[in-house]
Amino acid sequence: TRPVSPLAFRLIVMVVSVVMVHGIRTSASMWRAQVEHLRARGVEAVAVDLPGHGTRMREQFTLEGAMQTIDAAVQRAAARGPVVLSSHSLGGLISIEYMGQVSPPPVDAFVAASCTAIPRGVALGTYRALARGVDALPGRGMWFSERLLDRTLPAETRADFGAGGYALDMQDTALASLSALDLLTALRRIEVPIWFVNGQFDQLRLQEQLFQRVAKHAELIVVPRTSHLVTAMRPRVFNAVLDLAVATVESGQQQS
């Protein structure tokens, strides 16, 4: 057999994959704009459904199951080369915990959107109460949610956001489970580059400065005139952040 040249070997090593984890109620479909953008650039992109969401709507949501889902996708991607983990909201909070394990997972860069708040105490209780209040409205409040999405999301991502269905039955279970997370300890353990991405009007911006200080290699990006749904509301901006993460990993691979 013909030996692999050093250049070809380096090109093989530098193949970067992006694993994406969705937020609460939605599913992997929310990442379609990012998946299409990355694949058009030749970057492998995989979006997963957490338990109780999307294609797994009939399953029970648990933190353990969510962590196992993320790890399975990361391990498969890592078998091909470097990995960027990108996550939003619920997925972001769980991914911080996942990234901060005592034995670090094989992830080379981390993009965490709309998840810079510690989900405990009064803040978490208030959020759960609001969610239950909306759920108690006629039609479980979906008329309000759909109207809000119609007015805030661009046409290119509007249909994608709810294409996998909405995990209404798992919402309170998922929120309640978040109080078990130890995010500050997890952040201190993360040794790879992190980009925190928040919309200007994101309700989970509460502790973004604290998160940035605690994490060793973190950059904070605040997108003007944008809500909690930054990935869908400003897809081109978020795609540019993913491009930056991929380029950073590729640069590190070339230097190693």
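# Who pairs with whom in this chain

R41 is partly exposed, with a relative accessible area of 40% (buried is under 20%, exposed over 50%, partly exposed in between, using a 1.4 Å probe and protein chains only). Keep in mind that this is a predicted model, where local features need a pLDDT of at least 70, side-chain atom pairs count only at 80 or more, and totals for chains, interfaces and linings use all residues. Residues are numbered from 1 along each chain as its sequence is written, and side-chain values use heavy atoms, leaving out hydrogens and water.

How confident is the predictor? The chain's mean pLDDT (confidence per residue, from 0 to 100) is 92, and 93% of the residues reach 70 or more.

Helices (H or I, at least four residues) and strands (E, at least two) are DSSP runs numbered from the N terminus. Just after helix 2, G42 has a positive phi of about 85°. Within helix 2 (residues 32-40), the buried residues are A33, Q34, V35 and L38.

The count of salt bridges comes to 12. Another one joins D172 and R128, with the closest N and O atoms 2.9 Å apart. Because D172 is in helix 8 (residues 171-177) and R128 in helix 5 (residues 121-135), the pair bridges 44 residues of sequence. R236 and E156 also meet, at 2.8 Å from N to O; R236 is in helix 12 and E156 in helix 7 (residues 155-161), 80 residues apart.

Here is how open these partners are:

| Residue | Relative accessible area | Class |
|---|---|---|
| D172 | 26% | partly exposed |
| R128 | 23% | partly exposed |
| R236 | 62% | exposed |
| E156 | 40% | partly exposed |

Shared partners also join R128, R132 and D172 into one salt-bridge network.

Now the rings. The whole structure holds 3 aromatic pairs (Phe, Tyr or six-membered Trp ring centres within 6.5 Å; planes under 30 degrees apart are stacked, over 60 edge-to-face, the rest tilted). W31 and F238 make a tilted one, 5.9 Å centre to centre with 45° between the planes. W31 is in the loop between strand 1 (17-21) and helix 2, while F238 is in helix 12 (residues 235-255), 207 residues away. Both are buried.

Conventions:
pLDDT = per-residue confidence, 0-100. Salt bridge = Lys/Arg side-chain N within 4 Å of Asp/Glu carboxyl O.
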